Amino acid sequence: MTFHVPLVDITAFVTDGSPEAKAEVARAIDDACRTVGFIQITGHGIPDAVTAGLTDAMDRFFALDLEQKKTYRTPPQINRGYSPPKSESLSLSLGVESANRMNDFFEAFNVGAAQADYPASPDLPQPEYADNLWPDVDGFEAQVQAYFAEAARVARTMTRIFADALGLEPDFFDRRTGHSLDVMRMNNYALPPGSIELGAELTGMGEHTDFGLVTVLWADRVAGLQVLGQDGSWNDVSPAEGALLVNLGDVAARLTNDKWLSTLHRVKPPVVDGTIERRRSAAFFHDGDADAVIAPLPHFTSDEAPALYDPVTVREHITAK
């Protein structure tokens, strides 16, 4: 069976289309979530100029000298700022560890929703809602914030589609994402010559599932992202022209008692003449409120299909990962 990531036009939900058009989108999303856990979406409404601003900001920051970029590091427990190459191993979130494991070959810059972004919810836990650390790069903050807002809108649009697809009340996810743990990670896979060894087991980003509710991914149309099929095969995935990739995280799988898939994926960057080919991505993680309690929904459990997960808060789940 050929692996395929479905392409779904979500215009009906972005422009408040007809009930029939929305129902067709919800059916297509439900099928993709049950069979693949990844979806390509078009009709998302993010202006090209906003995406171009994001990539420009990324290019100018990652072009800085490594030592200059390192001045924007934060302590490991604070998911903000710069992460240098080989400073993380995402496979550890699965409990995967081996003697020959290599740290992930990517650099990243992280921004997220802070306490100040949720004035109606005072006293949110820290460091989950930490302030952002903005680099001294002209226009970077404004360009990144503009895209962050658009990605957040798309993520919330997806949760409205999820509610329809799952037969839930329309505000089901709204009531669990009022102060969502939202983080955007901008990734760069271009490293200097001589930074890798030919023949090494090269891992751009180790195999992992995403922790939260839904991820909205912009990526270059460059080979690298691989998604695990239900037959155990790793499959190359590249977004269609103008499309975003959307995938489910563990919170969505828990809610549906694994009827919807939080799928393993990784990045295996192509190597050309001993260096990694340039590839950029920006992953927006919409995880839900830190204090939201997540458990399998009643209509996904029965005597024949008992609950696979105990109730847990989003914060507890992410901390465990």
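**Note on a predicted model: cavity, sheet and pocket**

1. The largest cavity has a volume of about 60 Å³. The structure is a predicted model, and the count of cavities of 30 Å³ or more comes to one. Rolling a probe the size of a water molecule over the atoms shows where empty space is left.

2. Which residues line the largest cavity? They are Phe 173, Arg 176, Thr 177, Leu 213, Val 251, Leu 255, Asp 287, Gly 288, Asp 289, Ala 292, Ile 294 and Val 314. Helix H6 (250-255) and strand S14 are the elements that give two or more residues to this lining. S14 gives the most, with three residues. By class, the lining of the largest cavity has seven nonpolar, two polar and three charged residues.

3. Next, the chain as a whole. Its secondary structure comes to seven helices and 16 strands. The protein chain has 321 residues, of which 51% count as buried. Among contacts with a separation of 6 or more, 78% are accounted for by residues 24 or more positions apart.

4. Eight of the strands form an open sheet with mixed pairing, in the order S1-S2-S10-S7-S14-S5-S4-S3. Why is one side of S1 and of S3 left without a neighbour in the sheet? Strand S1 (7-9) and strand S3 (81-83) stand at the edges, and each has a single partner strand, so one side of each has no neighbour there. From one strand to the next, the twist averages 25°.

5. At the S1 end of the order, S1 and strand S2 (residues 38-42) pair in the parallel sense over three bridges.

6. Strand S5 deserves a separate look. How many of its nine residues are buried? Nine of the nine are, and S5 is described as mostly covered. In a regular strand the side chains alternate between the two faces of the sheet. In S5, Ser 180, Asp 182, Met 184, Met 186 and Asn 188 lie on one side, and Leu 181, Val 183, Arg 185 and Asn 187 on the other. These residues are all buried, and both faces of S5 are covered.

7. The pairing of S5 can be followed in both directions. With S4, S5 pairs in the antiparallel sense over six bridges. Asn 110 has Arg 185 as its bridge partner in S5. With S14, S5 pairs in the antiparallel sense over eight bridges. There, the bridge partner of Asp 182 in S14 is His 286. S14 is also the element that gives the most residues to the lining of the largest cavity.

8. Is Phe 38 buried or exposed? Phe 38 has a relative accessibility of 1%, so it counts as buried. Its place is in strand S2. Not counting residues up to four places away in sequence, Phe 38 touches Val 5, Pro 6, Ala 32, Leu 225, Val 227, Val 246, Asn 247, Thr 263 and His 265. Phe 38 and Asn 247 are 209 residues apart along the chain, and their C-alpha atoms are separated by 4.3 Å.

9. Thr 2 lies in the segment before S1. Thr 2 counts as exposed because its relative accessibility is 71%.

10. The last point concerns open space. About 470 Å³ lies in the second largest pocket. This pocket is lined by 25 residues, and Thr 35, Val 36, Leu 228, Gln 230 and Leu 261 lie nearest its centre. Helix H2 (19-35) and H6 are the elements that give two or more residues to the lining. H6 gives the most, with three residues. The lining of the second largest pocket divides into nine nonpolar, eleven polar and five charged residues. H6 is also among the elements that give two or more residues to the lining of the largest cavity.

Technical notes:
Residues are numbered from 1 along each chain as its sequence is written. This is a predicted model: local features need pLDDT of at least 70, side-chain atom pairs count only at pLDDT 80 or more; totals for chains, interfaces and linings use all residues. Side-chain values use heavy atoms; hydrogens and water are left out. Two strands pair if DSSP finds at least two bridges between them. Helices (H or I, at least four residues) and strands (E, at least two) are DSSP runs, numbered from the N terminus. Axes are lines fitted to C-alpha atoms, for helices over the stretch in contact, and angles run from 0 to 180 degrees between N-to-C directions. On a 1 Å grid over the protein atoms alone, a cavity is a set of points where a 1.4 Å probe fits but cannot get out, and a pocket is an open set with protein on both sides within 12 Å along at least five of seven lines; lining residues have an atom within 4 Å of a point. Grid points are joined across faces, edges and corners, and a volume is the space filled by probe spheres set on the points. Ala, Val, Leu, Ile, Met, Phe, Trp, Tyr, Cys and Pro count as nonpolar, Asp, Glu, Lys and Arg as charged, and the others, Gly among them, as polar. Buried means under 20% relative accessible area, exposed over 50%, partly exposed in between (1.4 Å probe, protein chains only). Contact means heavy atoms within 4.5 Å.
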